[in-house]
Number of protein chains: 2
Amino acid sequence: MGDVAAAPSIEGVACFPLREIPTEGGSVLHMLRSDAPHFQQFGEIYFSECLPGAVKAWKRHTRMTQNFAVPVGRIRVVIYDDRPDSPTRGTTAEHVLGRPDAYQLLRIPPMVWYGFTAEGDVTGIICNCADMAHVPDESERIEADAAHIPYCWPELSRR
Amino acid sequence: MGDVAAAPSIEGVACFPLREIPTEGGSVLHMLRSDAPHFQQFGEIYFSECLPGAVKAWKRHTRMTQNFAVPVGRIRVVIYDDRPDSPTRGTTAEHVLGRPDAYQLLRIPPMVWYGFTAEGDVTGIICNCADMAHVPDESERIEADAAHIPYCWPELSRR
């Protein structure tokens, strides 16, 4: 409730720590409450599975803000900011999400490029609690090796 | 959007089919949208992990409606209805949730007892999109072998 976002590397991106509560039968893992200071609006919740070696990139939304948590596996999310008016234009940021040491909520604003891959050999699951429900034509995709994004996915060359 | 709930075995319990959309890098798994006919209200989203052999039972909420989906593993959810005014009073129902054939949203109303266990040898993850945020004193717990609930968890005797 009193969680403070980590210093964002890209304007509008924020990380909020999340609690994992161990119990004998398995952990309870917090994600997002409607009374949290950083809660905005509920639009849709869905999962995206990421198989080892796969790269899901690049994508950007024109209106949707995303809130990612990774309850299973470890995922590296990469964000690239090419918004003309952004103070962090040109910045690329990596965020690793996953238990036990990096279980957190990652907020991604509209109009930045993002992509993700599983870290290691374990399938990862991203849960996205977005502020609007999916609609066609609200997002765009480009290839993971798109030349104008200065990030090289090592996973692509390992195939 | 046009999903129809399966005939409920217990008054107020409902199952809604969910889509799994396979892609090369891993599936996208729907859960709940704010414009779905069966969406009520967003309160909190969290995960509950269930380790193989563990039984998390029994619990009931006095006000919270829960919406369960299982993106990882397979979970057997058991519900027992002892509400005095319920037309299905005395009924016990089992629901198995999980991919690939039983990926669905299970709605559990307040005031019924429920519990769950992992099916098989794989850890399962329940995602709960509840209609209110967690508050203390809104739920009660009793032991998994409580005498007044006519359901025997086979997992308890295997320990």
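Both faces of strand β9 of chain A are covered in this predicted model. Gln104(A), Leu106(A) and Ile108(A) on one side are buried, as are Leu105(A) and Arg107(A) on the other. A residue counts as buried if 20 or more other C-beta atoms, placed from the backbone, lie within 10 Å of its own. Strands are DSSP runs of E of at least two residues, numbered from the N terminus. In a regular strand the side chains alternate between the two faces of the sheet. Residues are numbered from 1 along each chain as its sequence is written, and chains are lettered from A in the order in which they are written. Local features of the predicted model need pLDDT of at least 70, side-chain atom pairs count only at pLDDT 80 or more, and totals for chains, interfaces and linings use all residues.

β9(A) has antiparallel partners. Four bridges join β1(A), residues 14-17, to β9(A). Here Phe16(A) is the bridge partner of Leu105(A). β6(A), residues 66-72, pairs with β9(A) over three bridges, also antiparallel. Two strands pair if DSSP finds at least two bridges between them.

Leu105(A) is also in contact with Met31(A), as are Ile45(B), Tyr46(B) and Phe47(B) among others. Contact requires C-beta atoms, placed from the backbone, within 7 Å.

Strands also pair across the chains. β4(A), residues 44-50, and β3(B) run antiparallel over five bridges. Tyr46(A) stands opposite His30(B). The contact takes 32 residues from chain A and 32 residues from chain B. On the chain B side, β4(B) supplies the largest share, seven residues.

Definitions and conventions:
Two residues are in contact if their C-beta atoms, placed from the backbone, lie within 7 Å. A residue is buried if 20 or more other C-beta atoms lie within 10 Å of its own, exposed if 12 or fewer, and partly exposed in between; C-beta atoms are placed from the backbone. Lists of a residue's contacts leave out its neighbours within four places in sequence.
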